[in-house]
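Hi,

Here is the structure I promised to pass on. Have a look at it first, and then read my notes below.

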Amino acid sequence: MCSDAGNGKLVCITGASGFIAAWLVKLLLLRGYTVNGTVCDLYDSRKEGHLLKLDGARERLHLFKANLLEEGPFDAAVEWCEGVFHTASPVVSNVKDPQDHKRF
């Protein structure tokens with residue numbers, strides 16, 4: 001079911017290739033929104049390829065490379081947006097031995 005609820009309004013979804021964010025992208029595109037989505041790697045089709053196949057993606061989905069641990073890369077993605085869905089989360093791991101259960 002397609003609706004013009006978004007009527008082309010621009011929103012941003014951080015971490016767009018993630019599970020919950022991808023569902024938001026799909027829903028918002030179906031509702032007529034234009035979506036700026038941030039991803040870690042623009043050129044890894046295993047991570048963002050599913051987004052490019054969504055209905056409306058060709059016309060209204062724009063992907064931006066952004067890393068939460070760097071300052072500034074989200075500026076272009078959120079510029080002119082009426083709303084931001086912040087679903088990105090940095091994953092930092094310093095595990096030396098993943099089998100060592102004593103570290104918990």
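A salt bridge here is a side-chain nitrogen of Lys or Arg within 4 Å of a carboxyl oxygen of Asp or Glu. Searching the whole structure turns up one salt bridge. The partners are the side chains of Arg46 and Asp44, at 3.2 Å, N to O.

Before the rest, some housekeeping. This is a predicted model, so local features need pLDDT of at least 70 and side-chain atom pairs count only at pLDDT 80 or more, while totals for chains, interfaces and linings use all residues. Residues are numbered from 1 along each chain as its sequence is written, and side-chain values use heavy atoms, with hydrogens and water left out.

Back to that pair: Arg46 is exposed at 75% relative accessible area, whereas Asp44 is buried at 9%. (Buried is under 20% relative accessible area, exposed is over 50%, and partly exposed is in between, with a 1.4 Å probe and protein chains only.)

Next, Thr14, which sits in strand 1 (residues 10–14). Strands are DSSP runs of E, at least two residues, and helices are runs of H or I, at least four, numbered from the N terminus. Thr14 counts as buried, because its relative accessibility is 3%. A polar atom of its side chain lies 3.0 Å from the backbone nitrogen of Ala88. Beyond its neighbours within four places in sequence, Thr14 is in contact (heavy atoms within 4.5 Å) with several residues, among them Ala21, Thr38, Phe74 and Val84.

Leaving out neighbours within four places in sequence, its contacts are Leu68 and Leu69. Pro90 and His50 are 40 residues apart in sequence and 21 Å apart in space, C-alpha to C-alpha.

Ile20 belongs to helix 1 (residues 19–30) and is exposed at 58%.

Last one: Trp80, in the loop between helix 4 (75–78) and strand 4 (83–86). Its phi is near 70°, a positive value in a residue other than glycine. Most residues other than glycine have a negative phi. Trp80 is also exposed, at 73% relative accessibility.

Cheers

Methods
A polar contact is a pair of N or O atoms within 3.5 Å; within protein, one must be able to donate a hydrogen and the other to accept it, and residues adjacent in sequence count only if both atoms are side-chain atoms.
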